[in-house]
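Here is a short report for a reader who is new to this structure. Please look at the sequence and the model before reading on.

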Amino acid sequence: MAFGGLDIGSSGVKCAFFNERGKRLAFARQDYDYSSHGGNYELDGRVVWNHVKKVLFAAAAQLNEPIEGIAVSSIGEAGVALDKKDRVLAPSLLFNDIRGQKESRELVQELGEKWIYQTTGNVPNGTYSIEKMMWIRKNESYYDKIERYFLYEDFIIYMLTGVRGISHSLAARTMAFDVVEKKWVESIFQAAGVDVGLMSEAFPSGTVVGTIRTSLAAELGINGKAKIITGGHDGWCCALGAGMTDENTAVNVSGSCETISVMMDGPRREEFMMKCNYSCIPYVIRDTYATYGLGLTSGSLIKWFRNQLGNGLSYQELDRCVSNEPSGIIVIPDFSVSGTPCFSLESKGMFYGMTLDTSRYDLFKGLMEGTAFHIRMNMEILEMYGFRIPKIRTVGGASFSPVWMQIKADIWNREVESVSGNETGVIGDAILSGEALGIFHTLKQGADSLIHTEKVYAPNPSRGKCYNELYEEFKEIFRWKNRRGNIC
């Protein structure tokens, strides 16, 4: 039998299937674009659905055995509004879309920031689904036509099965979900003027929601009995797909954004977490929670450099051009929306320490160092308050750059492991679907079967000493820039 998952991102969808022995049998990917204009970032749900069908068809065509289960993970916050005939009414507002800021302040004024955080595990900031829904209600005429409102996980599950179901981890990204009681918070919907009945029923990750529609199974060449399963927020499925099955492993996801994710055995919503914008989210493993430090410009910065200053070189060629020694440049990597501990939708990045001897390759290395310094700062804050980060696995674009991986090991002063492949989101989905189908007795068993580490990068003590000095400068400049004192 074959089982696997779909991972819905803001710029593409991936699909992979595996067998019981952990062998990957099929993989397909389709890319698409989101639009951006004047601070508005939008994604067309119709385009996403069409590309989902394409990857399922392409992956199924590679198989010689029936598909038994598919788990679905997706980006958070962005919503898809459907009318009575299941037609997409408008583009989705992505998390970094500026609309919802005023509505966020109104919710805080009525309900209180601390109460919202204690209930939902999120600090109001205008990026969450309920804030965007409130804006839509006040500004878009199509609001009155909305029959069902989804995030992308439950949108795809619904389109595949005709049954509604969303995971706890993704429902939490609405800022309208009680992370302890695991249910929608009606008082938040009432304050927003939004009907809670628009939302899907919430389930733990790894729950079978339904069976694929018969007509769709025939169209896509999929077994008509295939089960469709809740996956979760893509970041957490990615963490599972990298092996975060207990508190002994933290996962650094390095894509367009940069995160350090850690598990908790229960919900933590302490004062420092609220001040530093650390969310408390139900993890994809039942009865556990997780939080993360976040930088919202990482791989996107490297792409910017290559396109603007890279002189036509590939990433691999740029890697070969950098010095083995620290660049000596301090980069504050907040070139768009900043992350934790000082969230801002209007942040600005900066270079410090340039001289007439500075080369473009020094700038390139400085960007990689700046993102690693930012994550180190988040790790230190979390560890100061009792979080454990004993072992780190890195997945995503940085894991393919030996230069960047070594920078992380040197700056973090600990071993950093890379994980084979670049599909940890769908691997996490496959682990969840495998357990839901009874193929794996536990998620840990599934992780051991499907995940393979590739290389371990050990810190270099001499470079680490230099980086420690640069890191102190980084923190000083970061605090000055954010004017937040010791919180940051």
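The report below takes up the strands, the helices, the surface and some backbone details in turn.

## Basis of the model

This is a predicted model, in which local features need pLDDT of at least 70, side-chain atom pairs count only at pLDDT 80 or more, and totals for chains, interfaces and linings use all residues. Residues are numbered from 1 along each chain as its sequence is written, and side-chain values use heavy atoms, with hydrogens and water left out.

Helices (H or I, at least four residues) and strands (E, at least two) are DSSP runs, numbered from the N terminus. Two strands pair if DSSP finds at least two bridges between them. Buried means under 20% relative accessible area, exposed means over 50%, and partly exposed lies in between (1.4 Å probe, protein chains only).

## Strand β23 and its neighbours

Strand β23 covers residues 416–419. Strand β22 (residues 391–396) runs parallel to β23, and three bridges join them. Arg393 stands opposite Glu417 in β23. Strand β24 (residues 453–457) also pairs with β23, but in the antiparallel sense, over four bridges. Here Ser418 has Lys455 of β24 as its bridge partner.

Strands of a sheet pair through backbone hydrogen bonds, either parallel or antiparallel. In a regular strand the side chains alternate between the two faces of the sheet. In β23 both faces are covered. Val416 and Ser418 are buried on one side, and Glu417 and Val419 are buried on the other.

β22, helix α14 (residues 402–412) and β23 make a right-handed β-α-β unit. Right-handed means that, with the strands pointing away from the viewer, the path from the first strand over the helix to the second runs clockwise.

## Helix α15

Helix α15 spans residues 424–436. Is α15 largely enclosed, or largely open? Of its 13 residues, 11 are buried, so α15 is largely enclosed by the rest of the structure. Among the buried residues are Val426, Ile427, Ile431 and Leu432. Asp429 and Ser433 are buried too.

The length of α15 agrees with expectation. The expected span of a helix is 1.5 Å times one less than its number of residues. For the 13 residues of α15 this gives 18 Å, and the end C-alpha atoms are 18 Å apart. Just after α15, Gly438 takes a positive phi of about 85°.

## A three-stranded open sheet

An open sheet of three strands has the order β4-β5-β8, with antiparallel pairing. β4 (35–37) and β8 (92–93) stand at the edges, each with a single partner strand, so one side of each is left without a neighbour in the sheet.

Three bridges join β4 to strand β5 (residues 40–43). Ser36 has Tyr41 in β5 as its bridge partner. The hairpin of β4 and β5 has two residues between the strands, and Gly38 there takes a positive phi near 55°. Glu42 stands opposite Leu93 in β8.

## A nonpolar surface patch

Trp304, Leu309 and Phe335 form a nonpolar patch on the surface. Together they have about 230 Å² of accessible area. Such areas come from the Shrake-Rupley method with a 1.4 Å probe, and for residues only the protein chains shown count as cover. Patches are made of residues with over 30% relative accessible area and no salt bridge; like charges are joined within 9 Å, and nonpolar side chains (Val, Leu, Ile, Met, Phe, Trp, Tyr) within 5 Å. A salt bridge is a side-chain nitrogen of Lys or Arg within 4 Å of a carboxyl oxygen of Asp or Glu.

Trp304 is found in helix α11 (residues 299–309). Trp304 is partly exposed, with a relative accessible area of 32%.

## Loops and backbone details

Met175 lies in the loop between α6 (168–171) and β11 (177–178). Met175 is not a glycine, yet has a positive phi of about 65°. At 0% relative accessibility, Met175 is buried. Lys182 sits in the loop between β11 and β12 (183–184). Its phi is also positive, near 60°. Lys182 is partly exposed, at 22%.

Which residues does a cis peptide bond join? Thr340 and Pro341 are joined this way, with omega about 5°. Pro341 is in the loop between β20 (330–332) and β21 (350–352).
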